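Let's walk through this model together, one region at a time. Keep the viewer open as you read.

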Amino acid sequence: MNRIVLITGASRGLGLCLTKRYLIEGATVLAGVRDLTASFINELKTEYPDALIPVLLEVADTESVNQAAELVKGYTDHIDIVVNNAAICGKKRFLALDRKEKEERVNEEAIGDSEAC
Ligand SMILES: NC(=O)c1ccc[n+]([C@@H]2O[C@H](COP(=O)([O-])OP(=O)(O)OC[C@H]3O[C@@H](n4cnc5c(N)ncnc54)[C@H](OP(=O)(O)O)[C@@H]3O)[C@@H](O)[C@H]2O)c1
C-alpha cells in the first residue's frame, strides 16, 4: 500500500494499533501525538525511519492544529486516509460529568476533532 495516512491520537490504543498496521502494510503514516519524546515513537521511528512522520498535535488547541497542518503540508500535497481517532475514551457517561469535564469533552471531541479534519 503506497498511501499517505494521517492518524490523530496515535500514541496508544486504537490509534497506535492503526499506526503500526498501516506501517506494516507499507503506508506513510503522519502520526499525531502530544509528546514527540515518547519512547514508542522513537522505537517505531527506528523501525520505519522514512515511513513514520510524527506530528505534534493537540486537537483541542487550534494553534496546535494549524501548526500541524503546516508541517503536514511540508511533507505532502495530499492525504489518502484520515483517521480522526484522538479523543478521551472515558468510562463516565456525558451526563455524569461536571461542567468543566463536559467543556473539555466537547472542546476535544467536537470542536477539536472537526478542526483537525
Ligand atoms: N476503545 C473502545 O472501546 C472504543 C469504543 C468506541 C469508540 N472509541 C473511540 O476510538 C477512539 C480511540 O479509543 P481508544 O480506546 O484507543 O482511546 P485511548 O486508548 O484512550 O487513546 C486515546 C488517544 O487519543 C489521544 N488524545 C486524547 N485527547 C487528545 C487531544 N486533545 N489531542 C490529541 N490527542 C488526544 C491520546 O493521546 P495521549 O496519549 O497524549 O493521551 C491517545 O493517543 C476514541 O475516539 C474513542 O472515543 C473507542
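A word on conventions: residue numbers start from 1 along each chain as its sequence is written. The model is predicted, with local features needing pLDDT of at least 70 and side-chain atom pairs counting only at pLDDT 80 or more, while totals for chains, interfaces and linings use all residues.

Begin with the largest nonpolar core, which has 21 residues. Such a core is a set of buried Ala, Val, Leu, Ile, Met, Phe, Trp, Tyr and Cys residues joined through C-beta atoms within 7 Å. Buried stands for 20 or more other C-beta atoms within 10 Å of a residue's own, exposed for 12 or fewer, and partly exposed for anything in between, with C-beta atoms placed from the backbone. V5, I7, V29, L30, A31 and L57 have the most contacts inside this core. At least two core residues come from each of β1 (4–8), β2 (28–33), β3 (52–56) and α3 (62–75); helices (H or I, at least four residues) and strands (E, at least two) are DSSP runs numbered from the N terminus. Leaving out residues up to four places away in sequence, I7 touches G15, L18, T19, V29, A31, G32, V83 and N85, where contact requires C-beta atoms, placed from the backbone, within 7 Å.

Now turn to α1. The buried residues of this helix are G15, T19 and Y22. They fall within an arc of 75° seen down the helix axis, so they line one face of α1; the arc is taken over the directions from the axis to the C-beta atoms. An α-helix has 3.6 residues a turn, so residues three or four places apart point the same way. The buried residues of α1 pack against β1 and β2. Just after α1, G26 takes a positive phi of about 95°.

Next, find D80 in the loop between α3 and β4 (81–84). D80 counts as partly exposed because it has 13 C-beta neighbours inside 10 Å. Beyond its neighbours within four places in sequence, D80 is in contact with R3, I4 and V5.

Terms used:
Two residues are in contact if their C-beta atoms, placed from the backbone, lie within 7 Å.
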